[in-house]
Amino acid sequence: MEPMTTLTLARGDITRQHVDAVVNAANSSLLGGGGVDGAIHRAGGPDILAACRALRASHYGKGLPTGHAVATPAGRLPARWVIHTVGPVWSATEDRSELLASCHRESLRVADELGARTVAFPAISTGIYGWPMDDAARIAVAAVRQAVTTVEEVRFVLFDERAYEAFAARVG
Ligand code: ADP
């Protein structure tokens, strides 16, 4: 049988999701930031940051490149792992959509390696990184639909109504 991934949508806070893995819209330093990154570190506690520091020391001294993904334990979150990925900053002059698609593909590849069956994604790059919501939703949904993965449920967790509507229009 073909592997089947179900796309679902939820409104609210990604740190409250009971899933195997939560995707973090991290920055390349892996040392935390604002937005969803700050919320994940606050709710998950210091173990996540400690694991990020260890990854920096061992592999990512120059930072995690944009479009890549790497996992840590999830600390106190109701999840087993956090998958940190670095979205591209929106550019009006350069098409960076392949990098945004790569964040989703690479996060699912890491999820497969971990054996995660349920994965929650925020709307990567749509906050501080400035990506227009409708366009980000189009790219994210297409990337997940095209991915070859053993993940059974991909849940997009949208923080506000505008984000929810944009993703709902794509998931149908
Ligand atoms: P980026 O730097 O990739 O733009 P942000 O964290 O600034 O990342 O924003 C990404 C998206 O995550 C935005 O749409 C923002 O509203 C949303 N967001 C912020 N906090 C949370 C949260 N706790 N749960 C889910 N989504 C969140």
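Helices (H or I, at least four residues) and strands (E, at least two) are DSSP runs, numbered from the N terminus. On that basis the protein, a predicted model, holds five helices and six strands. From the N terminus on, these elements follow the order β-β-α-α-β-β-α-β-α-β-α.

Residues are numbered from 1 along each chain as its sequence is written. In this predicted model, local features need pLDDT of at least 70, side-chain atom pairs count only at pLDDT 80 or more, and totals for chains, interfaces and linings use all residues.

The confidence values are tabulated below; pLDDT is the predictor's confidence in each residue, from 0 to 100.

| Quantity | Value |
|---|---|
| Mean pLDDT of the protein | 97 |
| Residues of the protein with pLDDT 70 or more | 98% |
| ipTM of the complex | 0.99 |
| pTM of the complex | 0.98 |

The C-alpha trace spans about 40 × 40 × 30 Å along its principal axes. A compact globule of 172 residues would have a radius of gyration near 16 Å, and the 15 Å of the protein agrees with this; the radius is taken over C-alpha atoms, and the globule rule is 2.2 Å times the number of residues to the power 0.38. Of the 172 residues, 44% count as buried, that is, with 20 or more other C-beta atoms, placed from the backbone, within 10 Å of their own.

How values were computed. A residue is buried if 20 or more other C-beta atoms lie within 10 Å of its own, exposed if 12 or fewer, and partly exposed in between; C-beta atoms are placed from the backbone.
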